[in-house]
Amino acid sequence: MEKVVIIGAGSWGTALGMVLAKKGHEVIMWEHNKEIAEKLNTERENSRLLPGIKFPERLTVTSEVDGLLAGVKYVVFSVPSQVLRGVITRLSSQIEDRMILINTAKGLEVLTGETLSNVIKDEIKGKYHKNIIVLSGPTHAEEVAQELPTTIVAAGEFENAKKVQELFNTENFRVYVSKDMAGVELGGAVKNCLAIGAGIADGLGYGDNAKAALITRGIAEMIRFGKVMGADELTFSGLTGIGDLVVTCASRHSRNRYVGERLGKGDKIQDILDSMVMVAEGVATVKAVYNKKLDLKISMPIVEAIYQIIYEGADTKEKVKELMTRELKEEFY
């Protein structure tokens with residue numbers, strides 16, 4: 001059995017910690033807020049985010065940083081994408097060659113437009129880049145914590161990806177491997193943007209036809225974006241592309257779909273964010289993807305419309321009308 005540290009005690013970090021602890025691994029989950037960490041340890045559940053699901057015996061929580069990674073082989077980063085750089089910087093002096101670094105956040109960094117694996121590479125100064133693995137797929141923490149059947153992908157250098165596959169895989173949590181880290185990361189980032197669009201359609205009451213169109217045309221945008229960024233097109237037909245997109249656009253658990261639904265009903269973005277307990281990664285990622293697609297001159301009309309709704313206050317119905325009345329084209333171009 002392994003000793004694993006999970007950086008971040010949100011719903012996803014907690015759910016992954018429970019998977020590992022139930023397998024018999026020693027899991028230490030790090031929470032930056034000392035009071036919350038103590039509460040989690042005392043109550044033995046994440047009552048705010050995953051109420052009613054008790055922690056396994058081998059899962060403990062700490063807020064201490066000094067010596068946190070001592071004797072650890074696997075470090076799982078489960079923090080919001082826009083704070084990942086700061087967290088890596090804080091821990092970089094403890095990172096050693098034998099450690100495998102697993103990132104679970106989905107997004108691009110707004111400030112630089114970088115993928116999150118590149119953010120990690122920047123902050124560990126060229127050391128141990130082969131040890132970075134991305135863990136991503138169509139997963140909601142609520143269902144994983146309840147041990148409902150789930151599939152996910154570990155992507156990166158193949159031998160290390162296989163180790164992560166073996167670390168996490170259970171009869172209820174099936175892990176596949178991929179060498180296409182770029183495709184896995186970019187699918188996870190773009191799908192969060194598109195899920196906001198799906199929510200907007202729901203909020204406007206546009207029905208299943210519109211949702212199917214948005215998902216399908218969204219995949220086309222995801223592929224165009226990913227290919228320019230060096231990803232394998234085939235990856236987007238898999239779990240981390242269409243799989244993650246479908247679950248995020250359709251599920252009641254999806255934070256990004258929820259944000260979009262409220263936008264479609266006329267709520268203001270800041271009011272929506274202020275009312276939420278958890279982070280909707282797609283809001284920041286829309287800005288990062290939009291800026292990147294401008295730099296790379298990629299056609300992504302759905303992402304552009306979502307950006308304009310969130311950041312420029314554009315009218316949702318007008319944006320839908322513009323999408324529906326664009327210049328006529330072949331389906332595949």
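**Briefing: aromatic pairs, helix packing and selected residues**

At 13% relative accessibility, Y307 counts as buried (buried means under 20% relative accessible area, exposed over 50%, partly exposed in between, with a 1.4 Å probe and protein chains only). The model is predicted: local features need pLDDT of at least 70, side-chain atom pairs count only at pLDDT 80 or more, and totals for chains, interfaces and linings use all residues. Residues are numbered from 1 along each chain as its sequence is written, and side-chain values use heavy atoms, with hydrogens and water left out.

**Aromatic residues**

- The structure holds three aromatic pairs (rings of Phe, Tyr and Trp, the last by its six-membered ring, pair if their centres lie within 6.5 Å; planes under 30 degrees apart count as stacked, over 60 as edge-to-face and the rest as tilted).
- One of these pairs, Y290 with Y307, is stacked, at 3.8 Å centre to centre and 10° between the planes.
- Y290 lies in helix α12 (residues 281-296) and Y307 in helix α13 (residues 301-312), so the pair ties together parts that are 17 residues apart in sequence (helices, H or I of at least four residues, and strands, E of at least two, are DSSP runs numbered from the N terminus).
- Y290 counts as buried, at 11% relative accessibility.
- Y290, Y307 and Y311 form one aromatic cluster.
- K179 lies over the face of F158, 5.2 Å from the ring centre (the criterion is NZ of Lys or CZ of Arg within 6 Å of the ring centre and within 35 degrees of the ring normal).

**Packing of α7 and α13**

- Helix α7 (residues 181-203) packs with α13 at an angle of about 70°, with the axes 9 Å apart (axes are lines fitted to C-alpha atoms, for helices over the stretch in contact, and angles run from 0 to 180 degrees between N-to-C directions).
- That makes α7 roughly perpendicular to α13 (65 to 115 degrees).
- C193, L194, I196, G197 and I200 in α7 meet I302, V303, I306, I309 and I310 in α13.
- The residues of this contact divide into nine nonpolar, one polar and no charged (Ala, Val, Leu, Ile, Met, Phe, Trp, Tyr, Cys and Pro count as nonpolar, Asp, Glu, Lys and Arg as charged, and the others, Gly among them, as polar).

**R174**

- R174 is found in strand β8 (residues 173-178) and is partly exposed at 45% relative accessibility.
- Beyond its neighbours within four places in sequence, R174 is in contact with T150, T151, I152 and N169 (heavy atoms within 4.5 Å).

**Positive phi**

- R44, in the loop between α2 (34-43) and β3 (59-62), has a positive phi near 60°.
- E147, in the loop between α5 (141-145) and β7 (150-156), has a positive phi near 65°.

Terms used
Parallel < 35°, antiparallel > 145°, perpendicular 65-115°, else oblique.
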